[in-house]
Amino acid sequence: MSLTESQIERYSRHIILKDVGGAGQQKILDSKVLIIGAGGLGAPAALYLAAAGVGTIGIVDADNVDLSNLQRQIIHFTPDVNQPKVESARQKMAELNPDVKVITYQTRVYSENISEMIKDYDFIIDGTDNFPTKFLINDACVLAGKPFSHGGILRFNGQTLTYSPGHACYRCIFPEPPPKGAVPTCSQAGILGAVAGMLGTIQAAEALRCIIGKGKLLTDRLLTFNALDMDFRTINIRKNPNCAICGANPSITELVDYEPPACDLKR
Amino acid sequence: MNLIISGKSEEVSLNEGTVLELLKVKKVEMPEMVSVELNGNILRQHEYAATTVKEGDQIEFLYFMGGGSLNCYE
């Protein structure tokens with residue numbers, strides 16, 4: 001397959017990059033990325049991946065758009081309130097770039113459906129906001145040998161790590177989910193909208209660089225930033241040989257659903 | 001003693017102490033929400049009380065971060 005005239009124009013600013021070129025753009029067009037969560041992280045990631053021409057984008061979310069989402073979930077617009085998030089996201093991606101095939105999954109992910117969902121994708125973006133799902137995505141991707149991007153945000157802070165088979169996973173940093181009572185309730189959390197955009201955009205850039213196979217991914221490194229002082233750091237992370245999922249003798253060999261945290265605040 | 005915390009050299013009012021004591025001295029809120037990396041190795045929480053920190057050690061406090069979408073379970 002070769003690029004059409006219109007694709008050469010659309011992706012010209014990619015194609016002129018020495019590390020992308022026509023071959024890299026073709027890889028992007030042939031790639032499949034699954035975004036779990038169409039929220040603060042998934043929204044910017046979905047827009048940038050659609051704009052970049054990722055051939056197939058899967059998007060997973062069970063929820064409807066809420067007015068309080070619009071401060072940061074930039075793929076959803078005011079008229080989308082009360083509509084399913086995956087449908088709102090699909091419309092925007094389709095309008096942005098007709099080259100992209102969008103597959104929607106209006107569901108939560110859990111241990112029974114995640115393996116089937118991720119199996120056809122080249123890269124997975126964790127855009128979820130809760131620890132049971134974050135651990136589930138990590139474990140499913142490690143077991144399936146799929147690269148994925150972890151993203152977390154809180155107030156003015158963000159953190160992201162890319163898992164690639166053979167490298168440190170999320171559990172190498174955080175062996176177990178936090179105790180249930182310790183998780184700050186949603187009403188205490190809060191997030192600067194632009195911080196979600198920064199982090200989701202980094203995750204999209206990780207997916208694209210993984211697809212084109214250029215540069216150094218955020219493997220074995222946790223990128224953290226504090227946007228209050230605008231301070232960025234990367235912290236080296238060693239693969240834990242005793243990790244319960246990616247270690248030499250894993251104790252986790254099948255997926256488990258952790259009990260979801262209780263939350264009193266509606267989305 | 002002097003420690004490298006989050007990449008910055010810092011004088012900590014602790015002579016010989018454990019990671020657990022360091023968390024207290026540094027007033028880390030909700031230590032159960034933090035993963036501690038000591039000289040490149042992630043510690044398990046049950047190791048905090050038995051692991052001593054020494055002059056010049058490199059410490060990272062890695063916080064659990066979820067998401068901002070407040071997409072909670074009902």
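Tutor: On the helix 4 side of chain A, the residues that meet helix 9 of chain A are A:Gly42, A:Ala43, A:Pro44, A:Ala45, A:Tyr48, A:Leu49 and A:Ala52. Facing them from helix 9 of chain A are A:Gly197, A:Gly200, A:Thr201, A:Gln203, A:Ala204, A:Ala207 and A:Leu208. Sort that contact by class and you get 9 nonpolar, 5 polar and no charged residues. Keep in mind that this is a predicted model.

Now the geometry. Two packed helices are described by the angle between their axes and the distance between the axes. Helix 4 covers residues 42-52 of chain A and helix 9 covers residues 193-212; their axes are 7 Å apart, at an angle of about 40°. The two helices are therefore oblique to each other, and helix 4 of chain A passes helix 9 of chain A in a right-handed crossing.

Helix 9 of chain A has another partner to look at, helix 3 of chain A, and here the angle is about 115° with the axes 9 Å apart. That makes helix 3 of chain A roughly perpendicular to helix 9 of chain A. This crossing is right-handed too. The residues that meet are A:Gly24, A:Lys27 and A:Ile28 from helix 3 of chain A, and A:Leu208, A:Ile211 and A:Ile212 from helix 9 of chain A. By class, this contact has 4 nonpolar, 1 polar and 1 charged residues. Notice A:Leu208: this residue of helix 9 is in the list for helix 4 and in the list for helix 3.

Stay with helix 3 of chain A for a moment. Helix 3 spans residues 21-29, and its buried residues are A:Gly24, A:Gln25, A:Gln26 and A:Ile28. Those buried residues pack against helix 2 (12-15), helix 4 and helix 9 of chain A.

A:Gln106 lies in the loop between strand 3 (101-105) and helix 6 (114-118). With 15 C-beta neighbours inside 10 Å, A:Gln106 counts as partly exposed. Beyond its neighbours within four places in sequence, A:Gln106 is in contact with A:Asp61, A:Ala62, A:Pro84 and A:Val86. A:Glu87 is 19 residues away from A:Gln106 in sequence, and the C-alpha atoms of the pair are 8.5 Å apart.

A:Thr234 sits in strand 8 (residues 231-236) of chain A. A:Thr234 is partly exposed, with 15 other C-beta atoms within 10 Å. Setting aside neighbours within four places in sequence, A:Thr234 is in contact with A:Arg221, A:Leu222 and A:Leu223. A:Gln159 is 75 residues from A:Thr234 along the chain, with 9.2 Å between their C-alpha atoms.

Where pLDDT is low, the predicted coordinates should not be read in detail.

Technical notes: Residues numbered from 1 in each chain as written. Chains lettered and ligands numbered in written order. Predicted model: local features only at pLDDT ≥ 70, side-chain atom pairs only at ≥ 80, totals over all residues. Helix = DSSP H or I, 4+ residues; strand = E, 2+ residues; numbered from the N terminus. Buried ≥ 20, exposed ≤ 12 C-beta atoms within 10 Å, placed from the backbone. Contact = placed C-beta atoms within 7 Å. Axes fitted to C-alpha atoms, helices over the stretch in contact; angles between N-to-C directions. Parallel < 35°, antiparallel > 145°, perpendicular 65-115°, else oblique. Left-handed = near helix turned anticlockwise from the far one by under 90°. Nonpolar A, V, L, I, M, F, W, Y, C, P; charged D, E, K, R; others polar.
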